Amino acid sequence: MSSLDGDVSQNGSLKRVDALRALAEIEEFDFSRSLDKPPRTLNMERQRSCDERSMNELFGVPSPSPRPSSRAENNFRLSDHLDGLYSPGRRSGFNTPRSQYGFETHPSVAEAWDALRRSLVFFRGQPVGTIAALDNNTDEQLNYDQVFVRDFVPSALAFLMNGEPEIVKNFILKTLRLQSWEKKIDRFHLGEGVMPASFKVLHDPIRNSETLMADFGESAIGRVAPVDSGFWWIFLLRAYTKSTGDTSLAEMPECQKGMRLILSLCLSEGFDTFPTLLCADGCCMIDRRMGVYGYPIEIQALFFMALRCALLLLKQDDEGKEFVERITKRLHALSFHMRSYYWIDLKQLNDIYRYKTEEYSHTAVNKFNVIPDSLPEWIFDFMPVHGGYFIGNVSPAKMDFRWFCLGNCIAILSSLATPEQSTAIMDLIESRWEELVGEMPLKVIYPAIESHEWRIVTGCDPKNTRWSYHNGGSWPVLLWLLTAACIKTGRPQIARRAIELAETRLVKDNWPEYYDGKLGRFIGKQARKFQTWSVAGYLVAKMLLEDPSHLGMVALEEDKQMKPPMRRSHSWTF
Ligand code: GLC
């Protein structure tokens with residue numbers, strides 16, 4: 001974890017503060033005027049897709065009445081992807097005692113909205129994000145007083161679902177501006193497209209001014225660049241566009257360029273033999289050494305999601321066209337690779353168990369030369385008869401069989417998982433409820449690593465001891481991802497069960513960042529209280545369940561052109 005403030009106060013050096021400020025100084029937005037303009041096209045169309053219709057039927061939700069649409073407003077190609085739009089408007093806000101569809105509103109909802117609004121961060125009078133945690137009872141702020149890009153995602157979704165898109169637009173534009181900064185670690189320059197992990201607003205009472213300061217990894221513990229930030233940024237841009245119908249933001253040349261810069265970084269050619277993205281440990285939600293270096297599922301699933309979102313948002317002009325072609329090719333290769341080599345179920349496990357090694361040639365079955373003895377003991381008990389999941393990592397002679405929640409949920413939402421695989425993931429969650437949900441949703445990773453393995457893999461990290469924090473801790477923020485995945489697969493009852501569990505404790509425990517223990521019974525040893533994404537994750541889960549049409553903001557339908565993989569295991573039915 002980085003500590004921008006920590007650095008400053010520890011050194012106590014005014015000079016350093018000034019130097020940082022100089023670095024942080026940003027001129028007022030070139031294109032800030034566009035913020036004041038009303039959106040050029042506000043698509044209020046309420047045509048619902050078949051999926052949304054059937055989803056509402058599933059939930060017994062009455063159909064909203066259609067609104068007339070203006071053809072003239074819908075001439076840009078982005079509008080092709082805006083079916084199922086719902087007009088902005090408050091739905092589940094804390095002033096609403098009963099929700100639109102007659103669901104009883106739980107008292108935690110009001111508490112959550114209160115906490116979320118308290119976490120707002122303003123820059124020159126405009127809300128631009130939410131602080132990571134508003135825990136006043138800890139002296140050790142570290143970087144929890146910053147706006148994290150990944151942490152802001154559930155906050156943004158909550159605001160979008162509640163018909164408050166301005167803060168999301170401001171956030172998108174401010175972080176875009178930060179992207180254009182010169183990024184340096186020691187004497188090394190980071191790629192132009194890197195988005196910050198986090199930023200904060202500095203107030204100067206003497207000059208009566210405000211500046212932004214960003215962290216691209218140069219202050220982060222371990223000095224790792226956040227690979228996920230750029231992907232979340234593209235995801236949010238699409239969520240904003242889908243939810244408001246305002247295509248003008250994504251159409252801005254600056255946004256188009258920002259997207260292209262992110263894409264250039266991850267589509268560049270090198271020595272890779274795989275279409276997956278090679279990254280360092282700690283470059284995502286799990287931002288410390290946890291043995292996820294290589295090709296972690298979280299990044300691959302987000303990469304896939306971002307590529308698909310970018311395909312919907314990029315203009316087909318000269319520059320955009322080239323990217324569209326590259327993205328399309330990469331999506332094909334990536335989906336084939338992931339669906340084939342990351343997928344595991346009982347049959348596949350049995351095949352690996354019987355693998356021959358040292359095969360050479362195109363016909364090799366054990367392509368990555370995985371040694372069957374490297375299969376961990378726990379997986380033989382964990383694997384249910386029905387069900388499967390995407391494993392954590394695949395690289396030469398190395399498969400990380402751990403379950404990672406975020407990657408699997410994003411695989412469902414982005415349709416990286418085929419419908420059969422999505423169903424299998426939900427089957428697994430249901431049959432391994434005790435392990436993955438226990439008393440508090442939701443395990444970020446399963447299982448924990450201990451003893452010698454913990455020493456080697458985490459480098460003896462005292463925060464990541466077994467069943468704590470990233471090492472098998474339970475993170476309430478993951479509720480929104482689970483709920484969205486449940487709705488997409490037609491299994492809302494699973495989400496309802498998880499939310500009910502969370503509701504028994506979250507408010508009472510003051511919205512902890514994470515819980516510890518095999519069952520998630522204990523508030524995390526070093527967990528922050530009033531952790532904003534725990535609050536927002538809960539709200540988004542509630543709003544999704546209440547109005548499943550919100551799913552369109554965070555999920556993509558299957559692209560039929562992406563062929564299922566060739567079968568290795570005969571039990572696969574794609
Ligand atoms: C921790 C988490 C990271 C999160 C940050 C701020 O470092 O590991 O995912 O973004 O806290 O909440």
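Residues are numbered from 1 along each chain as its sequence is written, and side-chain values rest on heavy atoms, with hydrogens and water left out. Because the model is predicted, local features are reported only at pLDDT of at least 70 and side-chain atom pairs only at pLDDT 80 or more, whereas totals for chains, interfaces and linings use all residues.

A polar side-chain atom of D151 is 2.5 Å from an oxygen atom of the ligand, and one of R150 lies 2.9 Å from a ligand oxygen atom. For Y469, an N or O atom of the side chain is 3.4 Å from an oxygen atom of the ligand. On its own the ligand has 300 Å² of accessible area, and the protein covers 100% of this; accessible areas come from the Shrake-Rupley method with a 1.4 Å probe, and for residues only the protein chains shown count as cover.

Side chains of opposite charge can pair when their charged atoms come close. The structure holds 16 salt bridges, each defined as a side-chain nitrogen of Lys or Arg within 4 Å of a carboxyl oxygen of Asp or Glu. In the salt bridge of D461 with R288, the closest N and O atoms are 2.9 Å apart. D461 belongs to the loop between α18 (451-458) and α19 (479-488) and R288 to the loop between α10 (253-267) and α11 (297-313), so the pair ties together parts that are 173 residues apart in sequence. Helices (H or I, at least four residues) and strands (E, at least two) are DSSP runs, numbered from the N terminus. Both D461 and R288 are buried, where buried means under 20% relative accessible area, exposed over 50% and partly exposed in between (1.4 Å probe, protein chains only). R207 forms a salt bridge with D204, with the closest N and O atoms 3.2 Å apart; D204 is buried, at a relative accessible area of 9%.

A further salt bridge joins the side chains of E322 and R326 (3.2 Å, N to O). These two residues lie four residues apart in helix α12 (residues 318-342), about one turn of the helix. E322 is partly exposed at 42% relative accessibility, as is R326 with a relative accessible area of 31%. D427, E430 and R491 are linked in a network of salt bridges.

Strands β3, β6 and β7 form an open sheet in the order β3-β6-β7, with antiparallel pairing. At the edges stand β3 (147-148) and β7 (209-215), each with a single partner strand, so one side of each is left without a neighbour in the sheet. Two strands pair if DSSP finds at least two bridges between them. Strand β3 is joined by two bridges to β6 (residues 198-204), and these strands run antiparallel; V147 stands opposite F199 in β6.

Strands β1 and β2 pair in the antiparallel sense over four bridges and form a hairpin with two residues between them. In the turn, R124 has a positive phi of about 45°. F122 stands opposite P127 in β2.

D246, in the loop between α8 (227-244) and α9 (248-251), is buried at 0% relative accessibility. The D246 side chain makes polar contacts with the side chains of Y240 (2.7 Å) and S248 (2.5 Å). Y144 lies in the loop between β2 (126-130) and β3 and is buried, with a relative accessible area of 5%. The C-alpha atoms of Y144 and S198 are separated by 9.5 Å, the residues being 54 apart along the chain.

Technical notes: A polar contact is a pair of N or O atoms within 3.5 Å; within protein, one must be able to donate a hydrogen and the other to accept it, and residues adjacent in sequence count only if both atoms are side-chain atoms.
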